[in-house]
Amino acid sequence: MGPFLIVHGTDPAAVRDLLARGARRAQALGAAAPSVVERGATAVACFPRRGERTAREEPTAAGWTAAAGCWLNGGRNDAATLAALGAALRSGRAGWMSAARSLDGFFALASGDAAGRELHLATDRTGTLHVYRARLDGCQVLSTSSLVLAALAGAGFDPVAVREFLGTGSVFEQRSLHAGVEKLPPATRLSCIGGEEFAREPWWELRPLLWGSAESLEHPGDVPALAAALKEALAALLTAHPAAVLDLTGGFDSRAVLGAALATGRPFRTVVVGADDDPDVIAAGGIARAFGLSHTHLAPDRDYGARGLADLRAALALCDGEADVVEYAGIAQIQARMAEASGADGATINGSSGELCRGYWWDLLPALDAPGSAFDSRRAATGRFATDDWADRMLAGGGGAGAPASLVEHFTAVIDRTVAGLRDLPAVALADTIYLTLRMQRWAGRLVSATDRIWPCCSPFMFEGPMRAALSAPPAMRRRDRMMRALIEHLDLRLAALPMADGSPALPLRAGTLHRFGPHAAALGGKAWGRVRRAMGAKAGTAPSGGASEAVARLVADPEIAALLEPSARAPSLARTSPSKRP
């Protein structure tokens, strides 16, 4: 469902005028003519996605409901399901939380009463589908486009947001590039009555999913749980979007999504983007041939790549200026081409946030078992956000009076605020939080929000079930890609055995699979032997404290070393595995 613009106030005439002006601004930025719902002092403009003929909203006798993004509730996204979600959203926080338990995807849902006195809106769990708010002419104005709100308000730039964007390519927390235009937080239910914000409250919490929480210690995630949740998510997505296209590369994340899709037995297509000799293209092509997939290869210069001024203007409007418009113009070309070929039942499904299975930012930690009190926000700021000295020098003093003198200080404070209330959890939970809340919400979310204006865009790894199974898994299971490799093997052994972009298989590293890693085996073996030597005291040339027996015990306790030393730890025979069945 495409973008929307909502105006809520007290004067129906003023509301309709503001909506009309906003709709004209949106159309000047490339949006199609909207469908409009007017109820008293609330007015809604729903814009079709590019290529769609109409937008979708559900006006009923009790009220109206509009949605943006790609969402599923109990595996359904039909009109009756949307109307029921709208009724729950209007009923209050408890009613909404109950109805939204099985709600997944990237979305913003809005609903109001038939008289137009109330407006309620809910953002998705991770805030991936961006929705913004501004106060204009005595009205609450909500939109999936910060650029439209800024144009309506005549807003100038937010100096802090501009500094962030120039230094990192993204904008963080609840800022947009424009002063007075606020991005609404994740998992938030916003209520307005009589033109005023009445309540803003969270409807979901990330903490119970994180390792070290009481919930995760009682029910830790594992590979079977992750595989089951991923298959359930793919079954729902492929049912709702039978012409879906899966991104396929030579990496882990897209392969795991493919394995779950194969397990559903439902139809889909795959696509890879790159030059003929690109390792991702070669690996994806090998997978497609092995499984007989309906596979498309889009090559630069042949299928995409030429970017004129019109392309850059379109990209600017799609991403609200909060991304590299030259880069996104190419992405938009690819997505538009696939959307046109797929029709109304299409969607793009990718492996974004599969890194949650792999402890992607754990290199920021002093140790895997470090407590949350040891998490160093400044180290995270310098390691992931304020990474260039030139940015600090060029932007020194930016952001107005009272702003931090450097980007390092600024992002240290941002990270401190992000992990506030989580310091009692292990440090791995804090690293996962900043990765999901800062990196994925604002960088990946900006690209998702732009692409969703072309056609539905979603990642099953961001559904609650897969997120819970990944984030609540013990750290030792997730480190060094162990959980991801085991996941792909669990989903489809043949798929795991095929080479990735670097030529190695996606199989777990163990005694029974080491020979499949070819030239990579020597490097992997060298790393393992290095850990053996360190544990045995070889660096110092003396026996380790506690004696050799204690050192051996420590080595065997290392899951990776134990797998290499255990002859019986072998993968199931490929000969005994029946090929995956697809229509």
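1. The sheet here is open and six-stranded, ordered β2-β3-β1-β9-β8-β10 with antiparallel pairing (two strands pair if DSSP finds at least two bridges between them; strands are DSSP runs of E, at least two residues, and helices are runs of H or I, at least four, numbered from the N terminus). β2 (35-39) and β10 (182-183) are the edge strands with a single partner each, so one side of each has no neighbour in the sheet.

2. Before going on: this is a predicted model, where local features need pLDDT of at least 70 and side-chain atom pairs count only at pLDDT 80 or more, while totals for chains, interfaces and linings use all residues. Residues are numbered from 1 along each chain as its sequence is written, and side-chain values use heavy atoms, leaving out hydrogens and water.

3. Inside the sheet, β1 (residues 4-8) and β3 (residues 42-46) run antiparallel and are joined by five bridges. Val7 stands opposite Ala43 in β3.

4. Now the aromatics. Trp361 and Phe385 have ring centres 5.8 Å apart and planes at 85°, so they are edge-to-face (rings of Phe, Tyr and Trp, its six-membered ring, pair if centres lie within 6.5 Å; planes under 30 degrees apart are stacked, over 60 edge-to-face, the rest tilted). Trp361 sits in the loop between β16 (348-349) and α12 (377-385), and Phe385 in helix α12, so the pair ties together parts 24 residues apart in sequence.

5. Phe385 also pairs with Phe411: centres 5.2 Å apart, planes at 15°, so this pair is stacked. Phe411 belongs to helix α14 (residues 407-418), 26 residues from Phe385. Phe172, Tyr360, Trp361, Phe385, Phe411 and Tyr435 form one aromatic cluster.
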